[in-house]
Amino acid sequence: MTQLATETVNQISSTDSAPLLEIKNLEVGFRTQRGVVPAVRGVSLTLFPGQTLAIVGESGSGKTTTAQAIIKLLAGTGQVTGGQILFEGRDLTTLNAAEMQAVRGRQIGYVPQDPMSNLNPVWNIGFQVSEAIKANSGLRGKPLKARTIEVLQEAGLADAADRLKQYPHQFSGGMRQRVLIGIGLSARPKLLIADEPTSALDVTVQRQILDHLATLTRDYGTSVLFITHDLGLAAERAEQLVVMYKGKVVESGPSQEILANPQHPYTQRLVAAAPSLASRRIQAKKNQDAPTSEIFSAGGTDTALIARATERELAATGKDLISVEGITKMYRIRKSGLKYDELLAVNDVSFGVKKGTTTAIVGESGSGKSTVAKLILQLEGLTSGRIEFEGRDVAGLKGRQLLNFRRRVQPVFQDPYGSLDPQYNVGNTIAEPLLAHKVGTKKERQKRVLELLDQVSLPASTQFRYPSELSGGQRQRIAIARALALKPDVLVLDEAVSALDVLVQGQILNLLTELQTELGLTYLFITHDLAVVRLVADNVCVMQKGRIVEAASTDDVFDSPRELYTQELLAAIPGGDFEFGR
Amino acid sequence: MLWYTGKRLLQMIPVFFGATFLIYFMVFSLPGDPIAALYGERPPSPAVIAQIRSEYNLDKPFIMQYLLYIGNFFQGDLGTTYSGRSVSDVMASAFPITARLAMLALAFEALFGILVGLVAGLRKGKLFDASALVVSLLLISVPTFVIGFVLQFVFGVQLGWARTTVSGAAPLDELILPALVLASVSFAYIVRLTRASVSDNLNADFVRTATAKGLSRPRVVTVHVLRNSLVPVVTFLGVDIGSLMVGAIVTEGIFNINGVGGTVFKAIRLGEGPTVVSFIAVMVVIFVLANLLVDLLYAALDPRIRYAK
């Protein structure tokens, strides 16, 4: 162990040693009916032992495809069409299946993106970890079990010994991600590929996990290849940065340098659009009493967007469109036999939303914010309390009235993978609400679909494609288009932009704001991302453990958070204390 | 788990009474007089008819008939057929034969269906997959009796590998050919079900992660793809146990097997209430038990179901 540590130090200090991973002019294409579509076009990058390198780019930029090409796990019809991937001088693209199997896990670990779908639901955690250890070390029996527990403990699951027999669905997202990190590092690989390892997690959990990952990889001298769309995260965690755009590397070098002084126009846009940083800037400038207009343009956000928000804030007097009074939701959780546990998911929550404004509900997972959304959407019944829409109680709406309510209050859900039917093409998905509510003729619906696709900046040809062929960001845009199809009054956006990369996120937020002014839409914004809240919300409710701990206007919450919990949330935003060049 | 099983077994009680009552009522309402049907052209004297009627409780109102029948049923007396044999005797000879036939068919369809479906799913779009789809489509669209007669002709008559008809005791080896015929349609469904399920699961994120762990391809397929794919197949198999037991009439007819299907068919034609109802009652119990077994297997295959409400 000591020897390993000394080696590590040596490796880190001598960056002029041979590179661990060297990708030269990598080209990857996906075969389709109309020929090969290139996804990665001549990517080159170099990673030295002990270093951390981040590939940053928006969805569809080819960053994940590059990572998957390294371990030969390209999705579907993808194949390497050119270039070399040299790992310790050996070209991985030329290896056969058996040779590749020996590299995977043992030499190169992989931590996937979505902790929810990357553990097999039918096997217990212990089994899934131990099979990885068994495959790479040949351990059996008791030593194998001991090692399994050790791996999980190292990954941050202190009570691993008691939890080996539990199944993935009994673990929270953060815990599952720890399991996946444990699996990825179990064989002490030389290289760890971490593909958006925390994008599905809350900021505070994300921080813990990334800190932990950093400690582990430093201790073992593991090189890390980070794939992320979060610039703040890249700035904080990686020494080297590679910015990808449309399958090409547009800029690479030391991350601090790039982010402080971006050269390529795309990187400049990326840096400018990063919302977490923008909010930081606004705060910083405000302290210096700078004129408001300058702050906003300096922050790189849509000036008009914020000006409009201010306008709305002033104009929004009068009655609440949605008014929530003391709602409570209790879930009964079956334990064994006749025993139940009661879980208070939402506890005496009250707030009001004025027409044409945006109210954000912020909190970590498990805080009850999504349950509030479901209650308002009438997808779950209330335990007690009252929800009014235009002054009328919506609880117990039935039949036609409920249908009308649904038409006016539309949801956009959290998971862009789960909320679209994989068997439906995009056009049908968007037209479905129109069909369900019997709006227009076939031709009119077709026209509306194209109009909506245009609004969410997707090409018209997208209508014939299927969700599995699209990136997460594209899918979420389709979900938004579907929600807009019926021209509703209220959109309930449940983590709607959390999965999108900064530029698309910026576009969608702008789009949402434009639509808000045009159509007088009211938004209920459920999110864990405070940075986004800063950009779009007029009012914020901070939730913790089913209760609203702080509710105020956005400026108040950000400039002078009263509650300790809110302060913690603000502090956990990655890259928050990093100075970005603009 | 125990609690769940107990609850499901308790649910059998209303199902049992409901089913027997309905069937009894339907047989009772069948047109025609069973006694007249029994004696055909030469009806016996009115006195004999009255005696037979009272012997079989046919002179009492419907509800009394049913209650008397149920009362006897729980004392182990399932009544007698109109030809004088006790119903339990008839059952004892018919059920084992059908059960053997059904189990053999179930084994065939599960084994070959899952195997062919798995390979087809793994090689989606290749020759094997295409042929499996064509064959399964053929088996689904061609009626069972056609498949039965063709196999009987080819293997029984032309090649002489199997007997064309099954002897009275119906030993296992003679039942192989009928079981293949009986299994054919379900086999085709299982192939399609497994294939679809496997090709879905192959694209699952956790399968990619399993490969990234450094597992071998055979291990990934058996451990991470197959088990997940079996859940829908098991559901189908469970429902199929019931239909194989009951729906063997055609196959039993072709191969002259004295099983449940033929016996019930004969009894219905004769209007033999007790025989029909007793057989159906046993079938209902088999159906319910098979479904319970499926649900338990389900939970064994998918732990998420174990802890659900």
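Contact here means heavy atoms within 4.5 Å. By that rule, Val394(A) touches Gln378(A), Ile387(A), Phe389(A) and Phe405(A), leaving aside residues up to four places away in sequence. This is a predicted model, in which local features need pLDDT of at least 70 and side-chain atom pairs count only at pLDDT 80 or more, while totals for chains, interfaces and linings use all residues. Residues are numbered from 1 along each chain as its sequence is written, chains are lettered from A and ligands numbered from 1 in the order in which they are written, and side-chain values use heavy atoms, with hydrogens and water left out.

Val394(A) sits in the loop between strand E15 (392-393) and helix H16 (399-408) of chain A; helices (H or I, at least four residues) and strands (E, at least two) are DSSP runs, numbered from the N terminus. Is Val394(A) buried or exposed? With a relative accessible area of 3%, Val394(A) is buried, where buried means under 20% relative accessible area, exposed over 50% and partly exposed in between (1.4 Å probe, protein chains only). Val394(A) and Ile322(A) are 72 residues apart in sequence, and their C-alpha atoms are 9.9 Å apart in space.

Chain A as a whole has 23 helices and 20 strands. Of its 582 residues, 53% are buried. Among contacts in chain A with a separation of 6 or more, 69% join residues 24 or more positions apart.

Chain B has 14 helices and zero strands, and its pattern along the sequence is α-α-α-α-α-α-α-α-α-α-α-α-α-α. Buried residues account for 45% of the 309 residues of chain B. Residues 24 or more positions apart supply 78% of the contacts in chain B with a separation of 6 or more.

The next topic is the interface of the two chains. Here 31 residues of chain A are in contact with 24 residues of chain B. The size of an interface is often given as the accessible area lost when the parts come together. Chain A and chain B bury about 2600 Å² between them, 56% of it on carbon and sulfur atoms; buried area is the accessible area (1.4 Å probe) that two parts lose on being put together, summed over both.

Two salt bridges are found across the interface of chain A and chain B, a salt bridge being a side-chain nitrogen of Lys or Arg within 4 Å of a carboxyl oxygen of Asp or Glu. One of them joins Lys213(B) to Glu131(A), with 2.8 Å from N to O. There are also 13 residue pairs in polar contact between the chains, both residues at pLDDT 80 or more. A polar contact is a pair of N or O atoms within 3.5 Å; within protein, one must be able to donate a hydrogen and the other to accept it, and residues adjacent in sequence count only if both atoms are side-chain atoms.

Which elements give two or more residues to the side of chain A that touches chain B? They are strand E6 (108-111), helix H4 (125-137) and helix H7 (173-185) of chain A. H4(A) gives the most, with seven residues. By class, this side of chain A has 16 nonpolar, 11 polar and four charged residues. In this scheme Ala, Val, Leu, Ile, Met, Phe, Trp, Tyr, Cys and Pro count as nonpolar, Asp, Glu, Lys and Arg as charged, and the others, Gly among them, as polar.

Over all chains, a search of the whole structure finds 15 aromatic pairs. Rings of Phe, Tyr and Trp (its six-membered ring) pair if their centres lie within 6.5 Å; planes under 30 degrees apart count as stacked, over 60 as edge-to-face and the rest as tilted. Phe16(B) and Phe17(B) form an edge-to-face pair, 5.5 Å centre to centre with 85 degrees between the planes. Phe16(B) is buried at 11% relative accessibility, and Phe17(B) is partly exposed at 34%. Tyr189(B) and Phe236(B) form a tilted pair, 6.0 Å centre to centre with 50 degrees between the planes. Tyr189(B) lies in helix H8 (residues 172-202) and Phe236(B) in helix H10 (residues 217-246) of chain B, so this pair ties together parts that are 47 residues apart in sequence. Ring pairs also link Phe21(B), Tyr24(B), Phe25(B), Phe62(B), Tyr66(B) and Tyr69(B) into a cluster.

Backbone angles come last. Most residues other than glycine have a negative phi. Asp348(A), in strand E12 (residues 340-354) of chain A, has a positive phi of about 50 degrees.
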